[in-house]
Amino acid sequence: ARGRVRARAAAHRRRRRDRWSAAGALAIAAMAGILETLVDQQISVVTNDGRLFVGVLRGFDQTANVVLSDCQERVFDTEKGVEQVVLGLYVIRGDNIAVVGEVDEEIDSRIDLANIRAAPLKPVIH
């Protein structure tokens, strides 16, 4: 009886894992389609730990790892404003990306980040 219960539990875990793997593959394929249109454009990336990066998308791979040039991290603070940390060429792991967005460079250049006060983003909770 124990053997059958274990076998059924193992089969259930495999079906669940395969279902999640298929969903993950579809999500990554969709992300690749979106990223393809953003190559050589300035983008912003919010990571699962709440960090914000802005840079020019130079490339990505099948796991949605992204390569940004002229990258800077924008660190938000409620008292000091937004600090921009220059990083240069930077790689962000795809499994750490929460949001990717296109940056309107004209609007972004008009924002006075030193006068913006904001609390840092909180990490994404799954």
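Author: Exposed, as used here, means over 50% relative accessible area. The model is predicted. In it, arginine 93 and aspartate 95 are both exposed.

Reader: What makes arginine 93 and aspartate 95 a salt bridge?

Author: The closest N and O atoms of arginine 93 and aspartate 95 are 2.8 Å apart. The cut-off is 4 Å between a side-chain nitrogen of Lys or Arg and a carboxyl oxygen of Asp or Glu, so the pair counts as a salt bridge. A search of the whole structure finds five salt bridges.

Reader: Why is the pair of arginine 110 and glutamate 106 called a salt bridge?

Author: Their closest N and O atoms are 3.7 Å apart. The limit is 4 Å, so this pair also qualifies. Arginine 110 and glutamate 106 both belong to helix 2, residues 105–110, and stand four residues apart, about one turn of the helix. Both are exposed.

Reader: How do you know that arginine 58 and aspartate 40 form a salt bridge, and what does the pair tie together?

Author: The closest N and O atoms of arginine 58 and aspartate 40 are 2.8 Å apart, within the 4 Å cut-off. Arginine 58 is in strand 2 (residues 52–60), while aspartate 40 is in the loop between helix 1 (2–38) and strand 1 (42–47), so the bridge ties together parts that are 18 residues apart in sequence.

Reader: Why is arginine 58 called partly exposed?

Author: Its relative accessibility is 43%. Buried requires under 20% and exposed requires over 50%, so arginine 58 falls in between and counts as partly exposed.

Reader: Is alanine 64 buried or exposed, and how do you know?

Author: Alanine 64 has a relative accessible area of 5%. Buried means under 20%, so alanine 64 is buried.

Reader: What makes valine 100 partly exposed, and what does it touch?

Author: Valine 100, in strand 5 (residues 97–102), has 22% relative accessibility. Not counting residues up to four places away in sequence, valine 100 touches Met31, Leu35, Leu38, Ile43, Ser44 and Val45. Valine 100 and isoleucine 43 are 57 residues apart in sequence, yet 6.9 Å apart in space, C-alpha to C-alpha.

Conventions. Residues numbered from 1 in each chain as written. Predicted model: local features only at pLDDT ≥ 70, side-chain atom pairs only at ≥ 80, totals over all residues. Heavy atoms only, no water. Helix = DSSP H or I, 4+ residues; strand = E, 2+ residues; numbered from the N terminus. Buried < 20%, exposed > 50% of the residue type's maximum accessible area, 1.4 Å probe, protein only. Contact = heavy atoms within 4.5 Å.
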